[in-house]
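Hello,

Here is the structure we talked about handing over. Please have a look at it first, and then read on for what turned up in it.

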Amino acid sequence: MELVVGASEATMKSLLSKLGGLLAHEYALIRAVRGDVQYINDEMASMQAFLGDLSNTSPQGHDRRMKDWMKQIRDVTYDIEDCVDDFAHRLSHDPGTDICCAFVISNVYEVWTWRPRRDIASNIAQLKVRAEQIGERRTRYGVENPKSSDGQSSGAATRFQAADNQQMSLELVGTKEPVGVDKEMEELGKWVMLQQQQPPAPHDPPPSSPDHTSPPTEANKQDQGVLSIVGFGGVGKTTIATALYQKFGDQFDCRAMVTVSQSSDIEAILRIILSQVMPQSKHGNGQQRSSGGGTSKKNPLMAAIRSLWNAVVPKSQDHQQRGGSTSDITQALRNHLEGKSYLLLVDDVWSTSMWEKIKKSLPRSNKGCRVIVTTRFQAVASACIRDKGDRVHKVVVLGDDKPRDLFMAESNISEENRHKVPPKLWEMCGGLPLAIVTMAGHAACNPGREQAHWNTVCSNLVPDSGKALAQEGVTRILSHCYNDMPGEIKTCSLYLCIFPKGRKISRKRLTRRWLAEGFVSEKDGLSVEDVAETYFNHLVRRKIIRAVDHSSNGKVKSYQVHDMVLEYIVSKASEENFVTVVGGHWLMAPPSNKVRRLSLQGDDSKHKRAMESMNFSHVRSLTLFGSLAQLPSNSLKFGIVQVLDLEGCKDFKKQHAKEICKMLLLKYLSLRRTEIDKIPKKIGKLQYLETIDIRETNVTELPNTVCLLERLVNILGGNKRTRKALKLPEDLKKETMKSLRILSGIKIVEGPATSVADLHHLTDLRKLAIYKLDIKNGGKLFRELSSSIEYLGGYSLHTLIIDDQSSEFLKSLSALSSPPKFLNALELSGKLNELPEWITELDALTKLTLSVTVLTTDALHQLSKLQKLFSLTFSLTSAKQDPGTASTTGENKADSDGEIIVPAGGFEELKLLRFSAPFVPLLSFPDNAMPKLERLELRFSNLLGMYGLENLQHLKEVHLRVHDKAGDVTKLMVDEVATAAREDAKGFRIIVDQYHE
């Protein structure tokens with residue numbers, strides 16, 4: 001394993017910045033120490049240059065002396081950074097420079113801080129000696145200067161071009177069919193399909209009523225089955241299983257998928273399953289049923305819709321009882337699945353004992369069930385075979401032309417560059433999908449490389465291409481692709497091991513943490529936020545991370561890392577002492593040195609014992625998953641923590657909030673989805689804080705002391721789903737928080753408590769999200785907010801979200817003399833009766849969300865002129881469905897002759913169209929309507945119908961989310977639609993799920 005130069009170099013850059021700041025503080029240094037600090041600064045600068053040169057050389061040229069010397073640089077760099085941070089923590093106040101009393105104050109300050117300054121001076125002197133010894137040791141043992149490689153330098157030798165990695169086009173993350181496994185999919189698909197769902201023969205009797213419970217028959221028994229998909233890592237087990245799950249999930253009443261790996265927490269696994277099979281809230285990810293196919297010239301889908309579109313939706317049955325508590329999760333799961341058909345995907349099972357626990361918790365169903373299990377181990381696969389309907393499928397490597405097809409599909413290499421890529425590049429991978437995809441990402445990031453270079457790469461990685469690629473060969477390919485990355489990208493990729501295996505991780509959460517860690521700096525004229533986006537895009541192109549969810553703005557919302565890739569990253573991070581993972585899926589050797597970044601991913605007692613021997617006094621990044629009870633608070637030196645991520649943690653206490661306020665160097669603080677209900681006033685002491693995330697908590701207001709945080713960039717509060725909002729502190733108008741770029745989840749309301757609406761001084765603000773607005777027309781708050789939006793719209797405001805309860809403010813937006821023309825995202829929620837007059841002037845707008853009350857044929861004609869619009873949403877929650885709203889939607893329907901017709905032409909870039917309301921009117925899509933639309937989403941209780949979906953030439957998926965109280969006619973329509981879509985395998989897919997309120 002090669003030493004990670006990128007991580008050391010990033011740490012060095014951070015240290016040099018801090019040393020420069022330390023030298024600038026004349027008042028803080030003991031006079032004799034200034035020379036030592038200057039020496040350390042110069043020595044570290046030279047070492048940084050050395051590491052930079054080293055990153056441009058081939059890792060194979062690093063001998064053991066070089067690696068050991070680099071580790072010494074890393075360790076002393078960490079220790080110097082700790083010393084500087086300790087200085088900032090203990091001597092954080094400037095004594096002042098008032099001329100009249102500067103002499104007196106300076107002398108008092110020196111006496112008052114004599115002891116901590118003496119301690120720091122002593123540490124600096126010792127560190128200076130260590131730096132000198134490291135430099136001398138290099139000469140003594142003959143560590144030579146790095147030599148550039150002979151024409152075979154990796155991509156790391158090339159400076160990272162941020163502009164080349166900007167996302168030029170907006171895309172949706174769609175469902176992909178697995179490449180090269182068509183035969184296996186067809187064969188396994190027949191097994192997944194329930195016998196009861198097969199078309200009955202003409203002489204068969206009609207099925208019994210669904211309410212009638214009959215004893216198990218032979219057909220019922222055949223519908224109880226377990227499919228075990230077995231194969232070694234990277235061969236494509238999960239890809240096949242997921243494709244089956246998505247393609248055939250529509251025939252089951254309930255479905256769920258869960259990743260097990262080496263987890264021993266059966267209760268947590270069952271809780272995940274239960275949360276998916278239960279009907280979800282209107283904003284959750286409900287249980288889904290998907291249908292492949294769609295419309296065709298035969299048009300069975302349209303026939304099914306037309307037969308029902310005029311139906312009146314009756315009252316529904318009572319809401320289904322929500323299931324179970326965590327103390328009796330198994331019984332709750334059985335109660336809910338009883339009498340229902342279900343499909344379950346259990347991914348990556350490592351032990352027969354865990355499978356037996358899961359199997360015993362699942363009920364048998366008279367309506368049929370299918371369980372798909374993936375595993376690396378034959379013993380687990382054999383344990384799954386118990387009944388007649390069970391079967392094992394062993395996944396083999398790709399053969400024939402399938403490796404080439406997969407390589408080309410994943411690399412997206414242009415036609416003019418394909419001749420440069422020799423067949424050896426995928427042939428050497430031995431048909432292993434993971435290796436092929438990884439090499440495809442490598443080739444995609446090096447489009448200018450010639451064929452001779454690739455031939456050399458193949459020869460070095462797999463000398464004997466005739467042999468099957470073993471685990472060692474896969475690791476070599478991963479290592480080569482990793483070493484090819486620029487240094488800053490290596491550092492950011494190491495950070496991926498902070499998060500547990502199989503977890504979906506938010507893109508924004510990752511990039512904001514990169515910024516707080518100091519991994520990103522301005523480059524090529526781009527801001528640090530934009531540069532972080534290019535780093536993320538590069539990792540996607542490299543196939544290091546895989547996008548799994550999209551946002552409505554066309555960017556990646558969340559990602560995952562393949563378990564074998566993550567295992568490799570974990571080993572690299574452990575070797576560099578970059579991240580220490582406790583309780584993860586892979587056993588990591590306890591760090592021999594100080595822990596720098598700590599990720600606690602399990603709270604078992606054995607993990608607590610392992611932590612007792614670790615040195616946590618130098619932890620500067622702390623991430624917890626699970627319970628805060630596992631936090632080794634007595635071992636932590638809270639003063640130097642810079643990143644604290646407790647998102648989703650349980651057992652948050654008031655004492656934890658007080659301890660957080662002692663972390664004076666904190667830059668990133670996430671308490672999202674914790675039990676915190678109040679932010680302490682002492683939060684104002686965190687002068688370095690850049691991001692505070694308190695979304696989906698019980699915090700409803702911020703203390704005035706937050707306004708003392710002049711470096712604060714992101715305030716993330718409220719709840720986007722429930723529109724629970726955050727009251728801003730009154731002192732915000734004192735114009736101290738000029739660095740603020742995101743202000744999200746706030747409320748501005750009239751009342752006895754003073755609200756703040758004057759935001760003129762926030763000229764760097766990129767996003768303003770007001771979740772609750774209730775102010776009087778013509779009042780002070782009304783005028784201030786209107787003026788602020790108009791003013792900030794001429795600066796950097798890119799995203800504007802307003803949820804206006806009275807709708808008076810929304811109506812006034814048309815009167816803006818200077819509309820916010822630079823917006824790329826706009827959301828206006830409320831009883832909006834007409835569009836703002838200037839909305840068609842928003843040339844940069846890519847995302848638009850409007851109230852369904854404005855939905856008319858004329859409004860669609862206006863919006864079709866927005867040339868860059870990527871997603872369009874019409875939304876209305878049932879909570880706002882009052883008589884006035886119903887009257888407005890009724891008038892709109894009448895004005896449009898009972899039918900909303902999408903205009904032919906226009907909407908040139910629209911790929912996502914969404915409707916979310918209790919009542920969705922009849923929608924009609926003529927020829928040439930929305931020529932690039934790929935995805936259509938509807939959430940409703942009553943849907944009158946849809947015409948012309950066959951005219952949407954690029955439509956890939958239709959998502960129908962039906963209220964669980966919807967009437968029988970609406971549910972019957974949805975079932976007819978799904979069935980018709982399934983009959984046409986060449987059309988678009990329909991995915992059906994339920995929600996409740």
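Tyr 568 is buried, with a relative accessible area of 7%. Before going further, please keep in mind that this is a predicted model.

The partner of Tyr 568 is Tyr 482: the ring centres are 5.8 Å apart and the planes stand at 70°, so the pair is edge-to-face. Tyr 482 is buried too, at 4% relative accessibility. What makes the pair worth a look is where the two residues come from. Tyr 482 belongs to helix 18 (residues 471-483) and Tyr 568 to helix 22 (residues 563-575), so the pair links distant parts of the chain, 86 residues apart. The count of aromatic pairs comes to 10.

Another of these pairs joins Tyr 495 and Phe 519. Their ring centres lie 5.5 Å apart with the planes at 85°, so this pair is edge-to-face as well. Here the partners sit in loops: Tyr 495 between helix 19 (487-494) and strand 8 (505-506), and Phe 519 between helix 20 (507-517) and helix 21 (528-541). They are 24 residues apart, and both are buried. Together with Phe 578, Tyr 495 and Phe 519 form one aromatic cluster. Phe 578 also has a charged neighbour, as Arg 597 lies over the face of its ring, at 4.3 Å from the ring centre.

**Helix 6 and its two faces**

Which residues of helix 6 (residues 182-192) are buried? They are Glu 184, Met 185, Leu 188, Gly 189, Trp 191 and Val 192. These residues cover an arc of only 155° around the axis, which puts them on the same side of helix 6. The face turned away from the buried side carries the exposed residues Asp 182, Lys 183, Glu 186 and Lys 190.

What do the buried residues of helix 6 pack against? Their partners are strand 1 (224-230), helix 8 (237-248), strand 6 (369-375) and strand 7 (391-394). One of the buried residues, Trp 191, has the charged end of Arg 370 sitting over its ring, 4.7 Å from the centre.

**A buried glutamine in a loop**

Gln 601 is found in the loop between strand 12 (597-600) and helix 23 (605-611). Is Gln 601 buried or exposed? Its relative accessible area is 15%, so Gln 601 is buried. The side chain of Gln 601 makes a polar contact of 3.1 Å with the side chain of Ser 599. Leaving aside residues up to four places away in sequence, Gln 601 touches Cys 497, Ile 498, Phe 499 and Pro 500, then Val 581, Val 582, Gly 583 and Gly 584, and also Phe 625.

**Salt bridges**

Side chains of opposite charge can pair when their charged atoms come close. How many salt bridges are there? The count comes to 35, and a few of them are described here.

Lys 911 forms a salt bridge with Glu 171, and the closest N and O atoms are 3.3 Å apart. This pair links distant parts of the chain, 740 residues apart. Lys 911 is in the loop between strand 25 (900-901) and strand 26 (912-916), while Glu 171 is in the loop between helix 5 (114-140) and helix 6. Lys 911 is buried, with a relative accessible area of 11%, whereas Glu 171 counts as partly exposed at 36%.

Glu 267 and Arg 271 also form a salt bridge, with the closest N and O atoms 2.9 Å apart. Both lie in helix 9 (residues 266-277), 4 residues apart, or about one turn of the helix. Glu 267 is partly exposed at 32% relative accessibility, and Arg 271 is partly exposed at 32%.

In a further salt bridge, the side chains of Arg 935 and Glu 937 meet at 2.7 Å, N to O. Arg 935 is buried at 14% relative accessibility, and Glu 937 is buried at 16%. Elsewhere, salt bridges that share partners join Arg 509, Arg 513, Asp 645, Glu 647, Arg 672, Arg 673 and Glu 696 into one network.

Enjoy exploring it!

Key. Residues are numbered from 1 along each chain as its sequence is written. This is a predicted model: local features need pLDDT of at least 70, side-chain atom pairs count only at pLDDT 80 or more; totals for chains, interfaces and linings use all residues. Side-chain values use heavy atoms; hydrogens and water are left out. Buried means under 20% relative accessible area, exposed over 50%, partly exposed in between (1.4 Å probe, protein chains only). The arc is that of the directions from the helix axis to the C-beta atoms. Contact means heavy atoms within 4.5 Å. A polar contact is a pair of N or O atoms within 3.5 Å; within protein, one must be able to donate a hydrogen and the other to accept it, and residues adjacent in sequence count only if both atoms are side-chain atoms. Rings of Phe, Tyr and Trp (its six-membered ring) pair if their centres lie within 6.5 Å; planes under 30 degrees apart count as stacked, over 60 as edge-to-face and the rest as tilted. A charge sits over a ring if NZ of Lys or CZ of Arg is within 6 Å of the ring centre and within 35 degrees of the ring normal. A salt bridge is a side-chain nitrogen of Lys or Arg within 4 Å of a carboxyl oxygen of Asp or Glu.
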